[in-house]
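Here is a short tour of the model, written with your modelling eye in mind. Please have a look at the structure first, and then we can walk through it together.

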Amino acid sequence: MKNGLQMNFDMALAGVRETGVYQEGLIAAKEKLHSGKTDFTGWVDLPSEYNREEIRRIAETAEEIRGKCSAFIVIGIGGSYLGARAAVEMLSHSFAREIGKAGAPKIYFAGMNISGTYHAELMDTIEREEVCLCVISKSGTTTECSIAFALLKDALIKKYGKEEAARRIYAVTDAKRGVLREETDREGYTSFVVPDDIGGRYSVLTPVGLLPIAAAGIQIEEMLEGAREAQASAELMETAETYAATRNALFNKGKVIEIFEAYEPRLQYFTEWLKQLFGESEGKDGRGLFPAALQLSTDLHSMGQFLQQGNPIFFETVLNVKNPPKDVTVPEDAGALLAGKSMNQVNQAAVAGVMEAHRKAGVPILKLDLPELSPRIFGQLVYFFETACGLSGYLMGVDPFNQPGVESYKEEMRAELSRL
Ligand code: PA5
């Protein structure tokens with residue numbers, strides 16, 4: 001199926017012949033999305049209505065950060081982490097941190113786990129760097145984020161003194177509420193606001209994602225332009241509807257797991273972002289497709305057996321990059337079958353071969369071809385999947401924009417902590 005942009009989503013191998021049964025549901029779902037009255041749907045019109053002044057300020061702040069630090073540490077978790085990491089990893093050199101580049105800070109992430117080892121080793125790693133922190137938390141009270149921020153802020157104050165440390169801290173948080181907002185206002189950190197009407201997993205095109213993405217040197221205006229193109233493309237939005245209906249049809253046929261498969265390692269965190277988007281949106285009221293991710297061909301050597309012959313409770317959504325950013329030619333030594341071919345050609349042969357083997361095994365397969373990895377395509381993808389997820393959640397009979405279950409573990413953990 002062509003979609004008017006450069007992406008092509010082929011659902012012919014999904015084995016779903018008829019999605020007409022979902023038409024009424026889709027009409028109702030679209031109404032809810034576009035009514036302007038549904039909570040947490042601020043992302044729907046964001047690409048065409050974003051605040052240009054804020055984007056200019058983000059770009060300026062990113063330039064300041066790039067001029068000031070050699071290590072930029074982004075502190076956040078879940079919706080305050082995955083979108084930025086997905087973009088940074090998709091659109092940066094695979095070894096950006098190792099090779100370093102003048103005027104381009106190495107981007108590190110913190111506060112997305114509670115590992116003392118990870119954070120101790122991060123502190124070792126940045127010891128000789130010029131450091132800036134970006135703390136991102138809507139609530140300002142998330143444990144993982146609070147610990148990492150306290151730790152890194154402490155190190156920053158020891159290194160630079162309180163005043164200069166404050167000039168090196170950037171905060172993205174609620175406009176009015178929460179301890180992080182209070183501290184930000186008190187200490188005078190440069191700050192941006194997490195919009196009230198956009199939930200964490202839909203927030204990558206707000207300052208939550210855009211500040212770290214811009215600090216990594218990625219063109220955020222192009223990204224927003226891509227999202228706007230997606231929003232304006234009737235054909236792409238129709239494709240999102242077909243995808244939403246197809247995954248519901250598969251779910252109702254007992255395919256309860258959707259495996260997102262990427263053949264480019266740079267897409268690993270995009271698939272992590274997809275896991276949160278779909279998992280948190282649909283996994284409620286005892287329902288929901290379980291979103292999983294595999295990196296191929298790597299995982300064929302661990303999970304390939306299951307995919308070929310295991311419990312057939314899943315379908316595959318392949319993310320295939322037609323023109324990856326770089327390529328190499330396979331040398332003679334690799335043998336006659338491979339020699340002289342480009343590595344990307346071999347990767348494409350893997351995509352086609354794996355799909356054919358899985359098709360023969362009866363696995364339903366959807367394949368999304370991306371023309372390239374660029375900010376514009378990232379923006380298109382984000383808007384496409386956000387829309388599909390909202391529609392799909394409604395078809396599934398859940399509210400795709402709340403997350404009532406997220407708090408439970410936090411309460412139990414606080415109880416454990418108070419017993420320590
Ligand atoms: O989507 C969500 O609600 C979560 O993933 C949150 O984004 C995550 O728990 C972080 O919350 P906060 O931004 O309040 O620190």
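Helix axes are lines fitted to C-alpha atoms over the stretch in contact, with angles from 0 to 180 degrees between N-to-C directions. Helices are DSSP runs (H or I, at least four residues), strands likewise (E, at least two), numbered from the N terminus. The model is predicted, so local features need pLDDT of at least 70 and side-chain atom pairs pLDDT 80 or more, while totals for chains, interfaces and linings use all residues. Residues are numbered from 1 along each chain as its sequence is written, and side-chain values use heavy atoms, leaving out hydrogens and water.

Let's begin with a helix pair. Helix α13 (residues 268-282) packs with helix α16 (residues 375-396) at about 25°, their axes 9 Å apart. That makes the two roughly parallel, a label for angles under 35 degrees.

| Residue | Distance to ligand oxygen |
|---|---|
| S139 | 2.7 Å |
| T142 | 2.5 Å |
| Q276 | 2.9 Å |

Taken alone, the ligand exposes 380 Å², of which the protein buries 87% (Shrake-Rupley areas, 1.4 Å probe).

Finally, two backbone details. L296 and S297 are joined by a cis peptide bond with omega of about 10°, and S297 sits in the loop between β8 (290-295) and α14 (300-309). F40, a residue other than glycine, has a positive phi near 60°.

Methods: A polar contact is a pair of N or O atoms within 3.5 Å; within protein, one must be able to donate a hydrogen and the other to accept it, and residues adjacent in sequence count only if both atoms are side-chain atoms. Angles under 35 degrees count as roughly parallel, over 145 as roughly antiparallel, 65 to 115 as roughly perpendicular and the rest as oblique.
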